[in-house]
Amino acid sequence: MTDSQLSRRSFVAAAGAASLTALAGCSSGGDATPEPTEEPTDEPTDEPTAEPTPTEGGGSGPEARVTDFLQSDPAAGNFDGNIADMTGMDSVTVEVGAEGNGGNFAFAPPAFRIDAGTTVEWVWTGKGGAHNVASVSDSDFDFTNGDPKESGDPYTQSFDNTGVGLYECEPHASLGMKGAFIVE
């Protein structure tokens, strides 16, 4: 045999032995770590990536922001963890002065989801004293109906961009009179 045939045969034999060793490690149930099949790149892919959508506090997604806000002090608010799905509707009505938080100190529903372009109408029930609707600093939207009132014309606002709206009744925020919505 020539030297080139010998080195070629040695290479093939060594490659075969390495393959058998790798296969034995995979089938033995040992701690062998499989090699990646392709080199990782920073290039974007067309494959969708599933991001978890937190529904409980502690995360950073829209649902987590709503939950964290509504369950923050006082934790005894009227939010039960459900975000009402009101997508597909042109307008949504929220009661101001609904029963909750030990009296008529709640928004109903306390949390909801809408599509971009939806109009929200806050309607006063006339119960619980004077209320207002005012966004808080962590809200993605800046809105307010102005001074607290007991009754009167509804406050109407359209939300054309996606984001999270967080708001409160300023006179009754310490009682837990808070509301939130997600615009998709």
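Student: Which residues have the most contacts inside the largest nonpolar core, and how many residues does that core have?
Tutor: W122 and F181 have the most contacts inside it, and the core has 21 residues. A nonpolar core here is a set of buried Ala, Val, Leu, Ile, Met, Phe, Trp, Tyr and Cys residues joined through side-chain atoms within 4.5 Å. Buried means under 20% relative accessible area, exposed means over 50%, and partly exposed is in between (1.4 Å probe, protein chains only).

Student: Which elements give two or more residues to this core?
Tutor: β2, β4 (111-114), β5, β7 and β9 (178-183). Helices (H or I, at least four residues) and strands (E, at least two) are DSSP runs, numbered from the N terminus.

Student: What is F181 in contact with, leaving aside neighbours within four places in sequence?
Tutor: V66, F112, I114, W122, F141, F143, F159, G163, V164, G165 and Y167. Contact means heavy atoms within 4.5 Å.

Student: What does the second core include?
Tutor: That separate core has eleven residues, including F79, A111, V164 and A180.

Student: Back up. What kind of model is this?
Tutor: It is a predicted model: local features need pLDDT of at least 70, side-chain atom pairs count only at pLDDT 80 or more, and totals for chains, interfaces and linings use all residues. Residues are numbered from 1 along each chain as its sequence is written, and side-chain values use heavy atoms, with hydrogens and water left out.

Student: What's the average pLDDT?
Tutor: The average is 77, and 66% of the residues score at least 70. pLDDT is the predictor's confidence in each residue, from 0 to 100.

Student: Where does pLDDT stay under 50?
Tutor: Over residues 2-57. The model has 16 contacts beyond four places in sequence for that stretch. Where pLDDT is low, the predicted coordinates should not be read in detail.

Student: How many helices and strands are there?
Tutor: Two helices and nine strands. From the N terminus on, the order is α-α-β-β-β-β-β-β-β-β-β. Buried residues make up 31% of the 184 residues.

Student: Which residues of helix α2 are buried?
Tutor: α2 spans residues 62-70, and E63, A64, V66, T67, F69 and L70 are buried. Their cover includes β4, β8 (163-168) and β9.

Student: New topic, the four-stranded sheet. What's the strand order?
Tutor: β3-β2-β5-β7, in an open sheet with mixed pairing. The edge strands are β3 (106-108) and β7 (155-159), and each pairs on one side only. Twist averages 25° from one strand to the next. Axes for that angle are lines fitted to C-alpha atoms, for helices over the stretch in contact, and angles run from 0 to 180 degrees between N-to-C directions.

Student: Do β2 and β3 run parallel or antiparallel?
Tutor: Antiparallel, with three bridges joining β2 (residues 91-98) to β3. Two strands pair if DSSP finds at least two bridges between them. In β3, A106 is the bridge partner of A98, and F107 is the partner of V96.

Student: And β2 with β5, parallel or antiparallel?
Tutor: Parallel, through six bridges. V94 in that pairing stands opposite W122 of β5.

Student: Next, T118. Buried or exposed?
Tutor: Buried, because its relative accessible area is 2%. T118 lies in β5 (residues 118-124). A polar atom of the T118 side chain lies 3.2 Å from the backbone oxygen of M89. T118 also touches D90, S91, V92, Q157, S158 and F159, among others, not counting residues up to four places away in sequence.

Student: Which residues does the cis peptide bond join?
Tutor: A108 and P109, with omega about 0°. P109 is in the loop between β3 and β4.

Terms used. Polar contact = N/O pair within 3.5 Å; in protein donor to acceptor, adjacent residues only side chain to side chain.
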